[in-house]
Amino acid sequence: MIKYSHGKGDLENWLVSEEEFQPDTLGKSEAIMYLGNGYMGLRSATEEPYMKETRNLFVGGTFNKAGENEVTELPNIADVTRFDIRVDGDQFSLEFGKTKDYIKQLNLKTAELRRYFVWTSPRGKVLQFEFKRFVSLDNLHLISMKMFVKSLTEPVKISFDTGIDAQMNNSGSQHFLEGERRIFDKKDIQLVQTTNESKIDVVINSTHRITINDEQRIADPEMNMSRRKVWLTYDINLRPNDRLEVEKLTTVYTSRDKDLDITEYTTRQLREKSLNDARNCAMKGYDSLLHSHTEAWNNSIWNAYKLEINSDNPYDQLALRFSLYHLTIMAPAHDERMGIAAKGLSGEGYKGHSFWDTEIFILPFFIFSNPAVAKSLLTYRYNGLTGARKKARENGYSGAMFPWEAAWPSDGEVTPKLGDIDIVTGEQTKIWSGIIEQHISADIAFAIYQYFNVTADHEFMDHYGYEIIFDTASFWASRLEWDAGKQEYHINKVIGPDEYKEHVNNNAFTNYMAFFNLKLAIRYYEALMKENPRLIEVLNNKLDLKTAYPIWQSKAKKIYLPQPSEEDLVIPQDDTYLKLKEIDLTKYKNQEKLRTIYRDYNPEQINTLQVTKQADILLLFYLLNQTFLREDMQLSNAIKEANFYYYEPKTLHDSSLSLATHSILANDIGDADLAYSLFRKSTEVDLGPQMNTSDDGIHAASMGGIWKAAIFGFAGIRLVDGKLTINPKLPKQWHHMKFTIQWKGQPITLFLTKTTLSVKVENKKKIEFEIQDQIYACDDEINIEYENKNR
Ligand code: BGC
């Protein structure tokens with residue numbers, strides 16, 4: 001079980017702990033306590049090995065296709081965390097002997113993992129163990145580990161193997177060619193591995209420092225090497241109460257690193273550079289490196305985002321910190337050739353690929369909190385235009401059709417073709433999303449619109465943003481199908497956000513988002529014609545906008561946009577949904593695990609039922625309400641409410657993307673208790689008591705969703721067609737809340753109670769915002785009383 005209340009004093013609501021060692025559910029803490037810095041992600045497997053462990057180290061962007069019929073994925077890089085320990089010759093394992101005072105703990109504040117326990121060996125020797133590690137935010141290439149062992153009662157001989165193990169694979173697939181290995185000075189180890197298809201070199205160096213009772217020892221380890229593996233074996237005699245300390249500092253470098261600074265790349269140079277870095281780190285030592293790392297966390301994360309919640313349930317504060325922690329370590333802030341993977345860098349799930357999860361669920365956090373990272377993530381999409389154009393051409397369309405799953409920017413579509421078992425046929429199900437889940441192109445356009453409105457970053461728009469919006473609009477224009485009978489454009493045979501409906505016609509989300517994308521392109525084109533004709537000329541040369549613009553205009557006018565029914569205001573999710581069979585969904589609504597419906601029905605059968613996987617129409621409301629379409633669409637509260645109460649009971653929240661959106665919507669329609677309970681559920685997707693749901697990795701979009709539910713939902717911050725609006729609705733459990741957002745290039749700190757709101761404009765540049773329909777201007781600090789509808 002995961003515990004939330006271990007932190008006391010300064011560490012209150014900062015510690016995520018596991019108090020018991022459970023060899024059957026190792027995946028939970030390995031994933032939710034994983035360490036990283038956006039460059040790499042290290043799963044928190046224990047030092048000593050166990051049958052059901054998953055040991056993972058991923059470096060962003062190192063995609064490789066292991067074989068002809070495989071999909072490109074992030075390879076599992078060599079392991080440096082494993083220590084095979086023997087006590088008087090017997091293998092140390094918590095599955096034997098007796099364990100007392102066990103704790104495995106992630107300190108979110110310092111991003112350091114700690115494990116402590118007292119272990120009595122089967123022969124009755126009592127030893128105290130402590131392990132610590134962190135993946136540095138200060139030096140992105142560094143993994144630091146420390147082990148302490150003390151014999152409490154008798155003399156013991158401790159032996160341990162420590163090294164670099166490249167016998168790793170991805171569920172059996174081997175990505176690396178055998179590389180060179182070497183040991184320097186009997187203490188520093190180096191291993192080189194090269195991906196077999198993308199030919200990326202990875203160099204790993206580990207240095208060791210051994211002390212007993214704080215005195216450094218020149219240990220004389222045995223040096224070993226075997227296939228894909230190199231390691232040292234130490235034998236150390238300890239007297240009672242002697243304290244053995246082992247520091248292992250590892251650097252990881254790849255030939256894809258952006259910061260390489262090598263003119264003519266050779267593996268030798270990479271080896272030298274990375275070894276030097278490891279040796280420099282070794283001179284500094286664990287504690288000093290930890291200090292620089294925690295400073296980096298303090299300065300760039302905790303003191304920058306300043307998110308504080310005072311709640312009757314202290315867990316809420318912990319959960320928000322947990323989401324900020326994960327959002328930080330999943331984001332490749334250092335390199336705009338990389339996106340965020342659906343599982344961050346915490347597991348093999350979804351192969352390190354990026355989905356719409358980034359633009360719709362994660363990016364809002366960065367846009368409002370750390371726009372430089374948002375910019376890098378959107379530039380990744382710009383870099384992906386080559387692949388998007390290729391996909392459009394391959395499918396007979398124009399413009400840019402973004403891949404449903406993306407890896408390296410030039411890869412284009414990388415969605416696997418086959419998935420899990422079909423319970424009726426016994427075969428693998430076909431995965432259609434790579435071909436017909438197309439809304440992602442409009443989702444990216446939406447994210448750019450949001451980024452621009454919040455940051456006013458014209459430079460980004462001129463270089464990257466407009467081009468993406470114009471070319472995705474051209475994709476939609478070519479994608480629309482003319483229905484001669486109805487004299488309107490349709491989008492047929494797609495999958496919307498609700499992936500339980502395949503090959504549907506006129507999924508409302510897709511049609512409206514395509515319409516938004518076209519209208520956005522038209523608006524920006526017209527504005528640029530007046531304000532920056534030179535840029536239009538440049539873009540016209542590239543994209544033939546003169547031909548494209550009238551087509552966008554004529555087609556946008558005639559897209560079929562499903563309307564609310566006069567009777568009950570429900571908008572059909574697609575052409576057939578409302579006519580499908582309704583079944584009793586109680587069993588699935590109360591499920592402990594996700595997607596249990598697949599145990600009873602195959603995808604074809606689910607297609608015939610009124611059952612929804614995740615927010616679809618409801619997500620549309622939330623998105624369009626932030627845009628200039630808000631007025632035209634007349635999405636009144638009555639319509640939102642009618643659709644919420646129609647679709648929510650049919651939604652199984654079988655994707656982690658669903659709960660937070662529903663929480664925000666529940667808040668919008670004034671159902672405060674439901675909003676809070678959905679928020680709580682969304683925080684539990686990874687942090688909650690379910691011990692297996694994070695095995696394949698954490699749910700990156702859900703981490704963004706937790707932040708969104710708090711800031712867009714409860715604090716009521718919302719972008720509305722370029723305006724900043726604030727309509728707080730704190731849940732009754734929350735007493736106050738504080739946080740900093742970035743608005744048009746400056747930090748704004750908000751402090752909210754149930755009835756008052758203070759806005760502090762940090763750089764004293766005047767801003768305007770709207771609170772409960774009243775406009776305010778401020779260039780310093782303002783305190784406002786507001787009417788709390790949730791009191
Ligand atoms: C969801 C998608 C999501 C993907 C990756 C799927 O289960 O239905 O919307 O993009 O997971 O998180």
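1. Strands are DSSP runs of E with at least two residues, numbered from the N terminus, and two strands pair if DSSP finds at least two bridges between them. The model is predicted: local features need pLDDT of at least 70, side-chain atom pairs count only at pLDDT 80 or more, and totals for chains, interfaces and linings use all residues. Residues are numbered from 1 along each chain as its sequence is written, and side-chain values use heavy atoms, with hydrogens and water left out.

2. Four strands make an open sheet in the order 27-28-32-33, with mixed pairing. At its edges are strand 27 (717–720) and strand 33, each pairing on one side only.

3. Strand 28 (residues 723–726) runs parallel to strand 32, with two bridges; here Thr725 stands opposite Glu770.

4. Strand 32 (residues 767–771) pairs with strand 33 (residues 774–778) in the antiparallel sense, over five bridges. Ile771 has Gln774 as its bridge partner. The two strands form a hairpin with two residues between them, and Gln772 in the turn has a positive phi of about 40°.

5. Which residues surround the ligand? Among them are Tyr350, Trp356, Trp404, Glu499, Arg595 and Lys613 (a residue counts if one of its heavy atoms lies within 4 Å). By class, the shell has six nonpolar, two polar and four charged residues.

6. Polar contacts are pairs of N or O atoms within 3.5 Å. A polar side-chain atom of Tyr350 lies 3.0 Å from a ligand oxygen. For Glu499, a side-chain N or O atom is 2.9 Å from an oxygen of the ligand, and for Lys613 the distance is also 2.9 Å.

Key
A polar contact is a pair of N or O atoms within 3.5 Å; within protein, one must be able to donate a hydrogen and the other to accept it, and residues adjacent in sequence count only if both atoms are side-chain atoms. Ala, Val, Leu, Ile, Met, Phe, Trp, Tyr, Cys and Pro count as nonpolar, Asp, Glu, Lys and Arg as charged, and the others, Gly among them, as polar.
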